[in-house]
Amino acid sequence: MTLRVPFDNSYARLPARFFTRIDPMPVTAPRLIRFNHALAADLGITPGSDDEMARIFAGNAVPAGAEPLAQAYAGHQFGGFSPQLGDGRANLLGEAVADGKRFDIQLKGSGPTPYSRMGDGRAWLGPVLREYVLSEAMHALGIPTSRALAAVATGEPVWREQGALPGAVLTRVAASHIRVGTFQFFAARRDVEGLRALYEYTVARHYPEARDPAALLEAVIARQARLVAQWMAVGFIHGVMNTDNTTLSGETIDYGPCAFMDSYHPDTVYSSIDAHGRYAYSSQPDVIVWNMAQLATALVPLMPDAEAAAESFTRIVHAMPGQIRAEWLTLFRRKIGIDSVRDGDEALIGDLLARMAENRADFTNTFRALATGGPARDQFLNPAAFDEWARTWRARLEGEDGGEEGARARMRAANPAFIPRNHRVEQMIAAATEGDFAPFARLVEVLSRPFDDQPGAADLARPPAPSEVVQQTFCGT
Ligand code: AMP
Ligand code: MG
């Protein structure tokens, strides 16, 4: 059987300055680690033999219909603007079109491109498996995200601080790879024609109902507001919310030093490169507003009257914090089993979170215990702190739809039992580096059903022992 992808490559038909056509660079000994058959079926992809797929998803063979290219973009990285970034280690093979939906198929870690700057264009096994596990877990949690179609080992070493590490390539699937930074790329060059082509392309691909740049901005903001609220609701910290890592589609993208929190604290930061905590858990709503302000700025040249545009775009961006707040409140109401809307709800949720922070309660397990009727109080250093809160909470639940049972059902669907815990991800990477991929396969399986009780996987729901706590995560390079 031959691998077949229903390619139709619209990005490759955009003006030449949007990208550089370049094939992935072959590797010595490609070996298929995993292929996501369920995702492939959704994308209308016919799988091939393991050997063929290893070659294709390592970049040693270009599948029929692909037109590999590296995309150009710019971006604010930790607040500083880089006018020239781009895919420094990725090749967009093309777009798979199935059931009227279009998805980018991209190899990541597939060799240097003109945008590589000082980088080697490669990825090592650790970040590849990490992105596979985390992006698929996010999808199973119901959060818009890029997906993982395949992971391949290259058989070549990659040199990093730690020394020689096994190389790998990830095949990433996304609604598109259009970033805020893609708009900034053209705006920074005062290339209004390019900007307009990108705008029209983005509207046609993602927001056909948007009739002008203001409508596009509003639509992207609505999706990003919801997305960040969803991250907050599962304790996810993206870690590198640079504008080149913020999509127009509203999907989570670029799994570098991201992490899920164990014990709750709003100031939590894991990324080794985020020394000042710019992208801390509780800063994410502010950062996404800032990123949307950068998108707004990049859209201004499309408007006939810059001053009027600046004014109307400012109004749109200023409304975003309220939208995030509303999304956040909806999700956290559900997390504590509340269906109706009352004035004191935000304070009730805030009070729980404050007590969790003070008592180092595990974020995931506290909310899951509310759902299952388990001993949530045991998550708290001082269990009485929970009991006090729970009295007010139980009073609030009275009169809710379906009583306590109804509340439990709502909470079970909102509060996962399983998240990719950092220490398990690190242990999985350590095992894979030694050639044992069983922990990887197990994580992928268990995390594909995060809301189900899985008694056989209780170990994966446990927070880290003190010796297992991961203090820092490192960027995907
Ligand atoms: P990231 O921090 O992963 O969003 O990457 C920021 C930029 O650095 C992007 O343009 C990447 O393509 C580029 N980059 C990251 N790692 C490498 C690498 N190993 N080789 C070449 N370019 C890289
Ligand atoms: Mg990036």
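Author: Buried means under 20% relative accessible area, exposed over 50% and partly exposed in between, with a 1.4 Å probe and protein chains only. This is a predicted model: local features need pLDDT of at least 70, side-chain atom pairs count only at pLDDT 80 or more, and totals for chains, interfaces and linings use all residues. Residues are numbered from 1 along each chain as its sequence is written, chains are lettered from A and ligands numbered from 1 in the order in which they are written, and side-chain values use heavy atoms, leaving out hydrogens and water.

Reader: Which are the protein donors of the magnesium ion (ligand 2)?

Author: Donors are N, O and S atoms within 2.8 Å of the metal (3.2 Å for Na, K and Ca); water is not among the atoms, so sites may look incomplete. Here the protein donors lie 2.1 to 2.2 Å from the ion. They are N245 (OD1) and D254 (OD).

Reader: Is N245 buried or exposed?

Author: N245 has a relative accessible area of 10%. D254 has 17% and therefore counts as buried. N245, at its 10%, is likewise buried.

Reader: Where is D254 found, and what is its phi?

Author: D254 sits in the loop between β11 (236-237) and β12; strands (E, at least two residues) and helices (H or I, at least four) are DSSP runs, numbered from the N terminus. Most residues other than glycine have a negative phi. D254 is not a glycine, yet its phi is positive, at about 70 degrees.

Reader: How many aromatic pairs does the structure hold, and how far apart in the chain are F18 and F186?

Author: Rings of Phe, Tyr and Trp (its six-membered ring) pair if their centres lie within 6.5 Å; planes under 30 degrees apart are stacked, over 60 edge-to-face and the rest tilted. The structure holds 19 such pairs. F18 and F186 have ring centres 4.4 Å apart and planes at 40 degrees, so they are tilted. F18 lies in the segment before β1 (19-21) and F186 in helix α4 (residues 180-188), a separation of 168 residues.

Reader: Are F18 and F186 buried or exposed, and what kind of pair do Y264 and Y281 make?

Author: Both F18 and F186 are buried. For Y264 and Y281, the ring centres are 6.0 Å apart and the planes stand at 90 degrees, so this pair is edge-to-face.

Reader: Where do Y264 and Y281 lie?

Author: Both are buried. They are 17 residues apart in sequence, and both lie in the loop between β12 (259-260) and α7 (284-299).

Reader: Which residues form one aromatic cluster with F18 and F186?

Author: F18 and F186 are buried. Their cluster also takes in Y11, F19, F185 and Y201.
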